Amino acid sequence: ACLFLIRGDSEGYARFCQGMVQRAGQMENPEAYVLARICAIGRNSPVDPARILQWANQVGAVKPWELHVLGLAQYRAGQFDLALQSFTKSNVEHWTAGGSRIDCHGLNWFALALVHYRLGQPDEARQCFDKANQWLSQVGPSGPDQPAKLPPQDWVEAQLLRREAEDFLTKQRSP
């Protein structure tokens with residue numbers, strides 16, 4: 001899903017999400033976490049934000065990565081205060097993914113930048129964005145032909161959230 005978005009293929013992303021939702025509808029116990037994450041990562045998801053939020057709530061949101069996805073779903077549903085709480089809770093505990101030892105909680109800083117921007121808090125948004133970029137430089141590739149230290153799905157998500165936050169913060173500076 002993220003690769004469609006990175007390439008700027010919003011129609012491909014929409015088809016992918018809709019296909020996932022269709023397949024999930026035919027399953028007895030669809031993977032709510034995966035559905036919520038895939039559908040919440042796009043700033044213009046083809047799936048109703050209320051449905052994404054429903055999947056995120058099904059997960060139970062206890063682990064930091066689950067709280068992160070809940071925060072994304074809340075953010076997409078316009079529940080900025082709740083998203084702020086979820087991302088803040090997610091940031092309390094470090095988490096690793098995909099067998100890596102790299103802390104993935106930095107994804108929250110990009111999301112927090114988005115939330116603070118929407119809450120009309122540009123200074124906080126900029127501080128979160130700066131923290132996120134600092135984290136990204138630490139977990140990024142050490143050279144042009146080297147992989148990132150993050151699992152691929154988290155690296156791509158970080159790029160998407162960074163791009164979205166950067167768009168908002170750039171608008172803020174424009175006259």
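**Salt bridges up close**

**View 1. D130 pairs up with R126 in a salt bridge, their closest N and O atoms sitting 3.8 Å apart.** This is a predicted model, in which local features need pLDDT of at least 70, side-chain atom pairs count only at pLDDT 80 or more, and totals for chains, interfaces and linings use all residues. Residues are numbered from 1 along each chain as its sequence is written, and side-chain values use heavy atoms, with hydrogens and water left out. A salt bridge here is a side-chain nitrogen of Lys or Arg within 4 Å of a carboxyl oxygen of Asp or Glu. D130 and R126 are four residues apart in helix α8 (residues 122-139), so about one helical turn separates them. Helices are DSSP runs of H or I, at least four residues long, numbered from the N terminus. D130 is partly exposed, at 41% relative accessible area, and R126 is partly exposed too, at 23%. (Buried is under 20% relative accessible area, exposed is over 50%, and partly exposed is in between, using a 1.4 Å probe and protein chains only.)

**View 2. R76 and E164 join side chains in a salt bridge, at 2.7 Å from N to O.** They bring together distant parts of the chain, 88 residues apart: R76 belongs to helix α5 (residues 64-76) and E164 to helix α9. Both residues are buried.

**View 3. D167 and R43 form a salt bridge, at 2.9 Å from N to O.** D167 is partly exposed at 33%, as is R43 at 38%.

Notes. Helices (H or I, at least four residues) and strands (E, at least two) are DSSP runs, numbered from the N terminus.
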